[in-house]
Amino acid sequence: MRLLFLLPLALSTALQAQWANDADGIARAEHPHPPTERSGAPPTRGYDLKYHRCTWALGPAVRYISGTVTSYFTSTQDLGQLIFDLSDSLVVDSVVMHNNVLAFSQEPGDLLAVTLPAVMPSGQLDSVSVTYHGVPPEAGLGSFVTDEHDGTPVLWTLSEPYGAKDWWPCKQDLNDKIDSLDTYVTTPVAYRAAGNGVLMPADTIGSEVTWHWRSRYPIDHYLVATAVTNYQVDVQYAVVDGDSIPMVSYAYPEEIGTAVDNMQNLVPKMVLFSQLFGTYPFANEKYGQAKFGWGGGMEHQTMTFLGVYHPEISSHELAHQWFGDKVTCHSWADIWLNEGFATYLSGLAYEYLSPQYWDIWKRSKVNNITSQPDGSVFCTDTLDQDRLFSSRLTYNKGAMVIHMLRWLCGDSAFYTGMRAYLNDPQLAYGTATTNDLKAHLEAASGLDLSGFFADWYTGQGYPSYTTTWSQQGNGQVTVLLSQTTSDPSVDFFELPVPLRFFGGGTDSTVVLDNTVNGQLFSFHLPFTVDSVKFDPDTWLISANNELAMSVEDLSSTEHVLVLYPNPATDRIAWHAGIPANGTVAVFDAMGRTVCTANARAGMLDVSRLVPGSYILELRNARGLLRSRFIKR
Ligand SMILES: [Zn+2]
């Protein structure tokens, strides 16, 4: 999902640049419901959900639901009691099994406990029907909302992550997808209901109509949704692998033109994502977008709900059909597998279809990620909703970590690995963990990605590079590459670092395999270099980089003491032309010694020095070297 804080803007291609560069504006505060991850409860409750048939009566003007949910399930152990999630704001009228009324109770924690007539042995298929009614609770931004547009009532649901129980009896377990689903929404004839799957023939009786949606792909509880108003419907088609996929707009009548334009803009993205990541996962059904009144978008399976017709949000929600809906995060702690990929694919839509915005988009993500020195993609506290749905860490850093995985693996292995992940029978139409992603990319690339995931998934912060280079008359270029890290959880980010050298009307890009700090690289370039660009295509998360040409020949470093970063803020590190096995001293402008260290340390804490100019001296048995640095 995405929440847009800005007011909707008029659609215009020219504005895409502004959107592309608007990492904060498109940021969201993600969730309506305080996450309350259940712990200690058996994950499956002794049963495996097979099917739901939901019949709901919904008048969009009234905040009220009544209905019956029939659940088919297979017992996975000897089962005496069936537990569903259901808000205690809703009243259960009856629970029926084979025409027999069963005893039930609504328990603390929004649980509905149904007592089975006899203990069901493991492995048996059966069903129960729960009839209920009531006013769903008002929680946060709302799992069940009534509102108006242009004077007409509208009702919608938005369950992610814990709100499904606010409006229907369900099993809120990410890892027990509902194998298939039918929803029937009865409403006054003036209204239509948007839903998951394929629209079946409507049934009109008197002044009421029942809209029937049939879903035959596995679906997670939080992706089941309905929205009801006087929708006007339009259908476009995307041709993917020779098949036409319907792309259905459920629009407010006053916005039908904008809705159709938006869907037409999405057709090439449907084709692109299918080419890159495999055919649209719900091709036998449809892709839909239903307008609702929330300030963002939500990737309900086969029927995104869209609060604004915004091209980047539209791309993001479409991308979720692969990442989030087909393959769902195994736990909320793995939410970046949904949101990082949906965010990255909205960037890929720029790369492939509007390339002029691609670098703007990447740089805006890096700027947002590095606006603070710490924070990991790994969610350290799923109970903290701001952290769980952090736009900086879960969405933007997640997306750029995926981009760096692509850089490490190369395009061919990256896309091969991603398609294998999405098609893995253990994961497809099921759930995945971060380790599942890592295993597929390692298999496709042959790389060991453990160090990368330690630095970039669980580790925090980012590197700041100091690049010093020199060129000799014969074309030999020497580069000294050093880095400091913004957070102590990572000592050193081991990455291939691209540098682009310009000169003589040409340029050449060199990728340095940076495995240790203060590393020297030497190579030949057939032109006189007059400038260098660090990471010219924005493959890396890095910031505060320094780039300098050395007047000394770095390849004969006998006389060189290179200090970095320079100017320094917290730490100063060195690379010397003599063995760094002696002592280091720092002198201020008056020549006074302000600190000393063992040269083997490789760096010195200068955070307490007052701003100004200093001399660092390295001395050992072979001599001494001095160099100047600035403390900021
Ligand atoms: Zn999302």
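## Nonpolar core

A nonpolar core is a set of buried Ala, Val, Leu, Ile, Met, Phe, Trp, Tyr and Cys residues joined through C-beta atoms within 7 Å. Buried means 20 or more other C-beta atoms within 10 Å of the residue's own, exposed means 12 or fewer, and partly exposed lies in between, with C-beta atoms placed from the backbone. This is a predicted model: local features need pLDDT of at least 70, side-chain atom pairs count only at pLDDT 80 or more, and totals for chains, interfaces and linings use all residues. Residues are numbered from 1 along each chain as its sequence is written.

The largest nonpolar core holds 149 residues. Ala-227, Met-270 and Phe-305 have the most contacts inside it. Helix H4 supplies the largest share of this core, 9 residues. Helices are DSSP runs of H or I, at least four residues, and strands are runs of E, at least two, numbered from the N terminus.

## Helices H3 and H4

H3 (residues 311–320) packs on H4 (residues 336–353) at about 125 degrees, with the axes 8 Å apart. Axes are lines fitted to C-alpha atoms over the stretch in contact, and angles run from 0 to 180 degrees between N-to-C directions.

## Gly-602

Gly-602 sits in the loop between strand E34 (593–598) and strand E35 (603–605). Gly-602 is partly exposed, because 17 other C-beta atoms lie within 10 Å. Val-490 is 112 residues away from Gly-602 in sequence and 16 Å away in space, C-alpha to C-alpha.
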